[in-house]
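Hello,

Here is the structure I said I would pass on. Please open it first; my notes follow below.

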Amino acid sequence: MATEGQKVVLITGCSSGIGMAIAVRLARDENKRYYVIATMRDLKRKDKLVEAAGDAYGRTLSLLTLDVCSDESVKQCVDSVKDRHIDILINNAGVGLVGPIEALSLDDMKQVFETNFFGVVRMLKEVMPDMKRRRSGHILVISSVLGLHGVAFNDIYSASKFATEGLCEGVAIQLLKFNVTVSMIEPGPVNTEFEMKLLTDVSKKEFAGADAETLDHFRNCYLPTQVNLFQGLGQTPEEIAKCTQKVIESPRPPFRNLTNPLYTPIVALKYADETRSLSVHTFYHMLYNLGGVMNVSVRIMKFLSGGWLRRRTISPI
Ligand SMILES: NC(=O)C1=CN([C@@H]2O[C@H](COP(=O)(O)OP(=O)(O)OC[C@H]3O[C@@H](n4cnc5c(N)ncnc54)[C@H](OP(=O)(O)O)[C@@H]3O)[C@@H](O)[C@H]2O)C=CC1
Ligand SMILES: CC1=C(/C=C/C(C)=C/C=C/C(C)=C/C=O)C(C)(C)CCC1
């Protein structure tokens, strides 16, 4: 149970990756400022987290079941927290989806929205009213750079993160009146199970419904670029956890928080040209004309990311 002065942090999707890294980092805080409730939809997947938490498990870290796709599971979990008191909510649970939309099933697309968007909505509906009553709280969402700009063949995932960004932008304004803060964490590629899940999913699908030319672009142009980007620019989940802790501990937590300076120019392109044609054409060029050349996109991004743009990123260091 949390002790006096400790902040109660509830995190969704802690069986792996970013959620697990944030749970471990906060639970192992030297000054024991946090009491972490790490949740996952299937507690059979708890072993890695328990091992990584070490002696924090049972002291500053406890586990609860929570499936963000189930109203009942969300309510049961929040009801079982002492006095339903959550100081910091970290919406992390999420799933990816890649492929040409004409070859993806609507069921797969709905599952992405059910998890990434409605999962956050369910958590907000359950946790926000208590925070408003107490006139304190911090809500964070592990969003994505793909919540700020679209990337070919990530359309549905990106749309789910855009939707979440839009949702939270409005909620953030409303909650200012109640002294509750909202922050989005926007990583680029992070080396977690996320990418392997995507690639496994791709290897199982035939993508019937897409024409041969589109499939050729997807398989031979997009996928190798994605693999290069994860290898060349991928951050570790621990880096995202560091950034997240920085945001939590900031006296005035920003609303938007990019974690990777290499992505800052990509996002800045959108704002450099209000018609957005510049970013659409640049991404097209990077993908189709340069993407095939080993790591060129990565090198361009590293070149562009020097200088003042770096200061617009929440650095994990
Ligand atoms: N990796 C990346 O490149 C990036 C990831 N992100 C975002 O970061 C977040 C975490 O992803 P990451 O750690 O990388 O990937 P992982 O696949 O390692 O982790 C995803 C977590 O979400 C959980 N999850 C999925 N569906 C549900 C559900 N219905 N209820 C509860 N938990 C669920 C998974 O649980 P289970 O084990 O049960 O499947 C898992 O714990 C996601 O929101 C993702 O969109 C953002 C930018 C980049
Ligand atoms: C193809 C391509 C790109 C791909 C970006 C990717 C694939 C980003 C993936 C991010 C992830 C996985 C975020 C998770 O939330 C760039 C760099 C924009 C440049 C244009 C070409």
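E4 and E5 pair in the parallel sense, over four bridges. Within that pairing, Leu89 has Ile139 of E5 as its bridge partner. Please keep in mind that this is a predicted model.

E4 also pairs with strand E1 (residues 7-11). That pairing is parallel too, with three bridges. Here Val9 stands opposite Ile88 in E4.

Now look at the two faces of E4 (residues 88-91). Side chains in a regular strand alternate between the two faces of the sheet. On one side of E4 are Ile88 and Ile90, on the other Leu89 and Asn91. All four are buried, so both faces are covered.

Next, the nonpolar cores. The largest has 54 residues. Val9, Ile11, Ala23, Val36 and Ala38 touch the most other members. Helix H1 (residues 17-27) gives the largest share of this core, eight residues. A second, separate core has 21 residues, among them Leu97, Val151, Ala159 and Leu262.

Val9 is worth a click. Leaving aside residues up to four places away in sequence, its contacts are Leu26, Tyr34, Val36, Ile37, Asp87, Ile88 and Ile90.

Last, Ser144. UniProt lists Ser144 under "binding site", in an unreviewed entry. Ser144 is in the loop between strand E5 (137-142) and helix H6 (155-176). Is Ser144 buried or exposed? Ser144 counts as buried because it has 29 C-beta neighbours inside 10 Å, and the cut-off is 20 or more. Beyond residues up to four places away in sequence, Ser144 touches Lys161, Glu186 and Pro187.

Best wishes

Key
Residues numbered from 1 in each chain as written. Chains lettered and ligands numbered in written order. Predicted model: local features only at pLDDT ≥ 70, side-chain atom pairs only at ≥ 80, totals over all residues. UniProt positions renumbered as here; feature names shortened; annotations may be inferred. Buried ≥ 20, exposed ≤ 12 C-beta atoms within 10 Å, placed from the backbone. Contact = placed C-beta atoms within 7 Å. Core = buried A, V, L, I, M, F, W, Y, C linked by C-beta atoms within 7 Å. Pairing = 2+ DSSP bridges.
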